[in-house]
Amino acid sequence: MAGRKAVLALALALAAGAALWWTLAPAWRHRAGTLAPALVMPLLGGGNIDLARLRGRPVLIDFWAPDCAPCVAELPVLERLARTDAGRFTLIGVAMSYSDPDALRAIAARAGITYPLVWDRDGRIAAAFGGVHVTPTQVLIGADGRIQARVEGGLASPLLRQALRSDMQSRARR
């Protein structure tokens, strides 16, 4: 009887470990220091934005959804940040695949969004960043094209400010 319990406990522990690995493995591949995926993303208004061509300055990617109240509430904050620091970094809003494109356009117009907006129609972009399951999620990519941070559920502006300072200091040393 004790042997059966031990085998059952071991089997449960192995199953739990496998489930945890399956869930977290993509995120581990996209942690700080790893190279950001090279993606060409379709803009909501037409055209594309090539992430690889943005190297040379920081990029903040904001994964959001129109039915996410915190996401919609921080759109004006992100817009102010993009305008205040225009030219020093690129902000890209990526709407989740389950979003309605008409709702995206309406919310973006109400919020006065001028930065590039992408609709991740098939979930390919979220998957390329290790899977995005929580909105808002921000991914900060350094000027060198490496992921510096990933923030789930909150605004990454303090991290962006730090990255901009760091980028300016490294440019001044050159």
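Reply: Happy to; here is strand S4 and what lies around it. This is a predicted model, where local features need pLDDT of at least 70, side-chain atom pairs count only at pLDDT 80 or more, and totals for chains, interfaces and linings use all residues. Residues are numbered from 1 along each chain as its sequence is written, and side-chain values use heavy atoms, leaving out hydrogens and water.

Strands here are DSSP E runs of at least two residues and helices are H or I runs of at least four, numbered from the N terminus. S4 covers residues 90-95, and six of its six residues are buried, so the rest of the structure largely encloses it. Buried means under 20% relative accessible area, exposed over 50%, and partly exposed in between, with a 1.4 Å probe and protein chains only. In a regular strand, side chains alternate between the two faces of the sheet. Thr90, Ile92 and Val94 are buried on one side of S4, and Leu91, Gly93 and Ala95 on the other.

Now the neighbours. Leu60 stands opposite Leu91, while Val94 faces Val118 in S5.

The buried residues of H3 pack against S3, H2, S4 and S5, with contact meaning heavy atoms within 4.5 Å.

Key: Two strands pair if DSSP finds at least two bridges between them.
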